[in-house]
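Take a walk through this chain with the model open beside the text.

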Amino acid sequence: MAAQSNLRRTAAEDALAEFLEKWTGILGKRLRSTSRTTRTLATLSLAMSIILGAEGSRRWWKKRRHEHEQGRKLVRTNSWLHNKDGSRTIYVPYKDGTSKVVINTTKPLTFEAHRRLFLNPPRVSGLGDGTVPSAQTKPGLNLAFLHQFLSLMSIMIPRWSSKEAGLLLSHGVFLMLRTYLSLVVARLDGELVRDLVAGQGKAFLWGIVKWCGLGTFASYTNAMIKFLESKVSIAFRTRLTRYIHDIYLNENLNYYKLSNLDGGVGQGADQFITQDLTLFCASAANLYSSLGKPFVDICVFSFQLYRSLGPLAWIGLMSNYFLTASILRKLSPPFGKLKAVEGRKEGDFRSLHARLIANAEEVAFYGGAEMEKTFLNKEYKSLKSWMEGIYMLKIRYNILEDFILKYSWSAYGYLLASLPVFLPAWGGVGGAAEMAEGGEKGGRERNRMKSFITNKRLMLSLADAGGRMMYSIKDLAELAGYTSRVYTLISTLHRVHANAYYLRSGQSELYSLSDVQGTIQKGFDGVRFEQVPVVAPGLWPQGGEELLESLSMIVRRGEHLLISGPNGVGKSAISRILAGLWPVYRGLVSRPKSIGEDGIMFLPQRPYLSPGTLRDQVIYPDGHVDMREKRKSENDLQKILEAARLGYLPDREGGWDTRKEWKDVLSGGEKQRMQFARLLYHEPQYAIIDEGTSAVSSDVEGLLYETCKERGITLITISTRASLKKYHTYNLQLGVGDDADSWEFERIGTEREKMQVEKEVQDLRERLAQVDELKKRREEIEKELNAVWTEKGDLLDAPSYIGIDEAPVSSEESIEA
Ligand SMILES: Nc1ncnc2c1ncn2[C@@H]1O[C@H](COP(=O)(O)OP(=O)(O)OP(=O)(O)O)[C@@H](O)[C@H]1O
């Protein structure tokens, strides 16, 4: 054995040596025959390509490594990169490393171009009078649906050269391939049966081999169809989600205005963006295979059947389709509308849960579980009854659909397949064969069998395609429901974005969104209100409620203002108007241009803590990369935290990269101090602090105010606490007058104010004097009470039940305690 293997090895080695020798000989010969210059040039180019190739690979490898490290760092620090073209590069965790995603923002021009589709739908679509974008017509298979769907399509497939178009094309190719394979399978099926009946073993076996090969290819095609369908669905979703995010979260503050001013999509957009959008995209991607493929199938198979069964059968088939389609359409419940309402109810239920999670602590303190459960159960019950209603409607429809599509169609199919046998003159190719084959009896029957099997399979495929077309009436109706939801969201967002509110006939509210006449001037070095009514807006189309008739005041750099007054009088409303959250109905509002650095910063009443690291809490809304660009280091952040009296936080929480649910980790006062840390990080020129120190001790409060002033920040404080006056130059007192609807703006420390303070001090002194009198009186009473305990001038013993430890505590001791 060993000798044998040795022999084999030497033979193999010999063959290899011979091969090498031959080729070295050929190469050497060629080289010798070429000129010296060519050889030098060839050697040089070879050396160059090796060097360049190596350098290229080195650079590629280095870039990859750098990206890998950068990705990991950005994921760890919860940050992103700004690109020159305005796009952002983010990294998302993927498998063991990260994956790079570039997010391009939608251009403002695109939004403007789409406004026509979403705000001024053609009248023929019946979508309102061109001023109200939300779907007024019932979602269903109508022109409105067509318009809505095509409008959304223009977002999902922006160009013919886009990735989505490519995906759809490849999906279409695979669908066609599947149709072709079905045809081949039908033919092969017939042949197999024919060969089996004829007893031709060889042909039959060959048929089986072909069948298996075809099966493998068909399985691959089917898998690809499913894969591409999912890819199309996710590609559509990505496009729509990014588009919606771009119009929802931008400088126009649409995310606030959508639910606070417009109200066109109810409580919020979350259900629309998460669930409805997903269902819409899945349904739209499926439509292509549930409607497009059956359509192609029907065309191809009916042509084949026309050839083999003749015109009579074809006419019969087609009339059957039209009849079925019209019956089903007539009897089908309004699935679109039902789905749209179901989506809304799902959204309401979900938002109740989200609210409970957000306010879990408050509810727990009140022990409000029962109450919350009642709300949730009520909402769920409403959703449940609605869905049960839909299921009931579906039972009737499914019975009808199944009976028509499965059983009556097969009976009809058998009838049609028998045409070539019983009516050969009308039976197409099959009938012609029947008439021609008068001779051999067995051969005729075998061929009958073959064409019957082929036709039956074709008919089955056709019935399947037709059935799917009919089923897709229901799918289409459901798609209409999702389309209407998504279209409503996007058109409402466009309305908010373009501020497209128009006066309706019969509308006469004083402060309506369609009648906003005030101006907001950005770029002013200070804060100014000139005859501005402070109005709490109502949800469109309702008008707003006037809080102050007309406010005029000015704050210049270095002049700090305290806005004070009772609760609910409209103090925070002033900051909302200034930030652009609420409209300026009349008058002029002036403020610095930017929000944040070199501009104005707002610290809201409820401190907000973002998801992310401890560092993110201090630098919000900046990211880590922005912080580096501003040349700030963690040492600077530490100093800032110390100034905000939070210097201990990085040590306590385990470093700057710690991620926690900060809203639960930090105490009320810490949250407020964190807001001050943000202020010190951004160092804006002006800051509006809304009840920013209500949970902070008064000594720290003073320090925080002094630090901000030292850094040159002009402060506008909103507070009910008069003690804050000492840090401010002016005071805007709201809620003055008998009806509490007036205001006063005055310098702190004026003669009038001094007099007021003196009066207050006098009042206090008088009260103190009353306290002294009361004390004296109490001593007298106590003395009298003690006299009850004496007998003949001596003090009585204390009662026996009072032990030494339980001796009664005097009221004075108790007061001291
Ligand atoms: N998003 C809103 N939409 C409509 N009205 C609102 C909205 N937010 C507040 N309001 C109303 O505006 C009025 C003024 O509210 P604001 O928050 O300005 O009061 P405030 O003076 O700051 O009170 P507090 O001292 O309690 O903070 C209140 O009557 C309130 O009901």
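Helices (H or I, at least four residues) and strands (E, at least two) are DSSP runs, and they are numbered from the N terminus. That numbering locates Pro-621, which sits in the loop between helix 17 (614-619) and helix 18 (624-629). The model is predicted. Keep that in mind for every value below.

Look at this proline first. The peptide bond joining Tyr-620 and Pro-621 is cis. Its omega is about 5°. A cis bond also runs from Trp-540 to Pro-541, with omega near 5°. Pro-541 belongs to the loop between strand 5 (526-536) and strand 6 (545-556).

Now step back to the whole chain. The protein chain contains 25 helices and 15 strands. Its length is 817 residues, of which 29% count as buried. Consider the contacts in the chain with a separation of 6 or more: 73% of them come from residues 24 or more positions apart.

How is the chain divided into domains? The domain assignment gives domain 1 (2-77), domain 2 (82-112), domain 3 (133-494), domain 4 (519-748) and domain 5 (768-817). Where domain 2 meets domain 3, each gives four residues to the contact. On the domain 2 side, two of these residues are nonpolar, two are polar and none is charged.

Strand 2 (residues 88-94) and strand 3 pair over seven bridges, in the antiparallel sense.

Move on to helix 6 (residues 201-248), which holds Val-232. Is Val-232 buried or exposed? The cut-off for buried is 20 or more other C-beta atoms within 10 Å. Val-232 has 25 C-beta neighbours inside 10 Å, so Val-232 counts as buried. Which residues does Val-232 touch, not counting those up to four places away in sequence? They are Glu-164, Leu-167, Leu-168, His-171 and Ala-285. Take His-171 from that list. Val-232 and His-171 are 61 residues apart in sequence, yet their C-alpha atoms are 8.5 Å apart in space.

Follow the chain past helix 6 to Leu-253. This residue lies in the loop between helix 6 and helix 7 (254-262). Leu-253 is not a glycine, but its phi is positive, about 55°. Asn-499 is another residue to check for backbone angle. Its phi is near 55°, again a positive value in a residue other than glycine. Asn-499 is placed in the loop between helix 15 (441-498) and strand 4 (519-522).

How exposed are these two? A residue between the limits for buried and exposed counts as partly exposed; exposed requires 12 or fewer neighbours. Leu-253 has 15 other C-beta atoms within 10 Å, so Leu-253 is partly exposed. Asn-499 has 13 other C-beta atoms within 10 Å, so Asn-499 is partly exposed too.

Ala-358 is in helix 10 (residues 335-358). With 11 other C-beta atoms within 10 Å, Ala-358 is exposed. Look across from there to Lys-663. Ala-358 and Lys-663 are 305 residues apart in sequence and 9.9 Å apart in space, C-alpha to C-alpha.

An unreviewed UniProt entry annotates residues 527-773 as "domain: ABC transporter". Over residues 527-773, the chain is 37% helix and 23% strand. The end C-alpha atoms of this stretch are 51 Å apart.

Finish at the ligand. Which of the 13 residues around the ligand come nearest? They are Ala-536, Asn-567, Lys-571, Ser-572 and Ala-573. Helix 16 (residues 571-579) gives the most to this shell, with three residues. What is the make-up of the shell by class? It has five nonpolar, seven polar and one charged residues.

Notes
Residues numbered from 1 in each chain as written. Predicted model: local features only at pLDDT ≥ 70, side-chain atom pairs only at ≥ 80, totals over all residues. Near = placed C-beta within 6 Å. Nonpolar A, V, L, I, M, F, W, Y, C, P; charged D, E, K, R; others polar. Contact = placed C-beta atoms within 7 Å. UniProt positions renumbered as here; feature names shortened; annotations may be inferred. Domains from an automatic or database assignment. Pairing = 2+ DSSP bridges.
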